[in-house]
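Dear colleague,

Please find below the structure that I am handing over to you. My notes on what was found in it follow directly after.

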Amino acid sequence: MILLIENANQLITLQGTMKKARTKEEMSNLQIIDNGSVLISGDLIIATGTKASLRAHYPDLVSQANIIDASGKVVMPGLVDAHTHLVFGGTRENEFQMRLNGATYMDIMNAGGGIHATTKKTREASFEHLYEKTYEHLNDFLKHGITTVESKSGYGLDWSTEEKQLQVAKKLQENHEVDVVSTFMGAHAVPAEYKNNPDAFVDIIINEMIPKVAEGNLAEFNDVFCEKGVFTPEQSRKILLAGKEHGLIPKIHADEIEPYEGAELAAEVGAISAEHLLVASDKGIRDMAEAGTVAVLLPGTAFFLKADSARGRLMIDEGVPVAISTDFNPGSSPTISLPFIMNLACMNMGMTMEEVLTATTINAAYAINRGHEIGSLEEGKKADVLILDVANYQQLQYFYGMNHTHTVIKNGRVVVENGVLCSELQNVTD
Ligand code: NIG
Ligand code: FE
């Protein structure tokens with residue numbers, strides 16, 4: 001199947017020769033082609049360029065192509081969400097009410113709610129229930145233009161439930177159009193059973209769970225919630241290094257609520273990314289810049305927890321490659337709207353609209369080790385393409401809190417048309 005997207009008002013390619021996440025002024029270079037075209041064959045991009053150049057260089061392919069007219073619209077790479085807690089049982093709107101009345105996120109967690117409440121619901125939920133519920137969430141992601149999603153386990157905190165979550169993510173990766181990239185996060189909280197002996201739980205993660213995750217090929221990454229009252233930097237270091245020995249790439253929830261030298265630890269262990277970083281220290285930021293650790297910033301979580309956002313502006317100026325993600329989860333960020341989160345990154349972190357586009361495409365792809373295949377529109381990359389019903393990319397952020405997705409092409413196939421999932425249209429005609 002050959003597809004040709006033509007007449008885009010702006011074609012945002014994010015093409016580049018650098019083979020790593022972008023930093024500093026590289027983050028502002030969107031490589032825009034006016035009146036741009038994208039030629040796709042099968043699931044890959046063949047070329048991008050002006051309408052005239054593609055028609056001149058690929059006359060045979062163009063003559064066989066199905067044409068998508070993107071007049072008046074913006075064409076860009078599919079969005080990448082590099083940080084979600086995708087698979088979970090239940091919801092926690094009751095805690096939102098408690099927080100509106102003054103309770104803090106950690107108070108609620110320490111009283112047995114928060115992650116513990118979702119753990120209980122996730123343990124109780126059947127595989128089928130979790131699969132169907134998460135399938136619907138992925139549909140929503142796709143409708144908002146997100147074509148790849150990272151998914152963390154961590155609402156089991158026992159092997160059978162952690163495995164259930166990871167298996168749900170794996171089956172979704174096989175069956176849903178959205179690509180699901182898996183992270184093991186057994187170290188998301190110390191379960192109530194080990195409250196008085198957290199080191200025993202750390203030992204179980206290291207000696208039992210991590211080897212099983214690696215053996216079953218159930219995840220690529222290993223994440224830890226390094227936070228006062230959860231896992232200490234020492235425990236986090238042990239868990240991340242143990243994962244590394246089994247081929248799991250380290251990630252870390254760092255310096256989210258209280259400064260805890262999580263950013264420093266990320267750089268030290270060679271983590272691919274450090275996430276949250278609301279209260280990361282100056283030294284931690286410098287260490288990350290030096291190590292090339294991607295900062296996955298989550299301004300929706302700061303918004304929903306009524307906290308100050310991470311210092312995104314400073315991080316970029318210091319040379320840290322920055323990505324922006326939703327942190328979709330039932331407690332601190334129950335939204336799949338990455339476009340809204342992009343607006344928050346502009347409003348609350350001093351990032352420019354250009355930087356935010358880089359942070360949700362190519363840099364987010366590098367945060368999950370996919371920079372070589374997604375995140376920009378260039379020859380040989382996966383044909384994951386988003387067509388937005390806006391006249392220029394600034395309008396994506398300016399008309400905020402709205403879904404501007406018109407068409408989504410995933411692996412070279414149109415999966416959303418006119419804002420509607422093609423699979424849903426099929427169900428209507430069936
Ligand atoms: O990224 N901080 C830890 N984990 C999640 C929240 C999980 C939850 O509250 O269920 C986060 O914010
Ligand atoms: Fe998170």
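A polar contact is a pair of N or O atoms within 3.5 Å. Please also keep in mind that this is a predicted model.

**Contacts of the ligand**

With that cut-off in hand, we may turn to ligand 1. A polar side-chain atom of His276 is found 2.7 Å from an oxygen atom of ligand 1, which means that the pair falls within 3.5 Å and counts as a polar contact. Arg92 also takes part: one of its polar side-chain atoms is 2.8 Å from an oxygen atom of ligand 1. His188 faces a nitrogen atom of the ligand instead, with an N or O atom of the His188 side chain at 2.8 Å. How much of ligand 1 does the protein bury? Taken alone, the ligand exposes 330 Å², and 100% of that is buried by the protein.

**The shell around the ligand**

Ligand 1 is surrounded by 15 residues, of which Tyr105, Tyr155, Glu256, His276 and Ser332 are the closest. Sorted by class, this shell consists of four nonpolar, eight polar and three charged residues.

**The cavity**

Where does ligand 1 sit? Its place is the largest cavity. The structure has four cavities of 30 Å³ or more, and the volume of the largest cavity is about 80 Å³. Among the residues that line the largest cavity are Tyr105, Ile115, Tyr155, His188, Phe225, Glu256, His276 and Ser332. The classes in this lining are four nonpolar, six polar and two charged residues.

**Annotations from the record**

- Another "binding site" group in the unreviewed entry comprises His83, His85, His253 and Asp327. Although this group spans 245 residues of sequence, its members cluster in space as well, and their largest C-alpha distance is 12.0 Å. From this group, the lining of the largest cavity includes His85, His253 and Asp327.

With kind regards

Conventions. Residues are numbered from 1 along each chain as its sequence is written. Chains are lettered from A and ligands numbered from 1 in the order in which they are written. This is a predicted model: local features need pLDDT of at least 70, side-chain atom pairs count only at pLDDT 80 or more; totals for chains, interfaces and linings use all residues. Side-chain values use heavy atoms; hydrogens and water are left out. A residue is near a molecule or strand if one of its heavy atoms lies within 4 Å of it. A polar contact is a pair of N or O atoms within 3.5 Å; within protein, one must be able to donate a hydrogen and the other to accept it, and residues adjacent in sequence count only if both atoms are side-chain atoms. Accessible areas come from the Shrake-Rupley method with a 1.4 Å probe; for residues, only the protein chains shown count as cover. On a 1 Å grid over the protein atoms alone, a cavity is a set of points where a 1.4 Å probe fits but cannot get out, and a pocket is an open set with protein on both sides within 12 Å along at least five of seven lines; lining residues have an atom within 4 Å of a point. A molecule sits in a cavity or pocket if more than half of its atoms lie within 2 Å of its grid points. Ala, Val, Leu, Ile, Met, Phe, Trp, Tyr, Cys and Pro count as nonpolar, Asp, Glu, Lys and Arg as charged, and the others, Gly among them, as polar. Grid points are joined across faces, edges and corners, and a volume is the space filled by probe spheres set on the points. UniProt positions are given in the numbering used here, feature names are shortened, and annotations may be inferred rather than shown by experiment.
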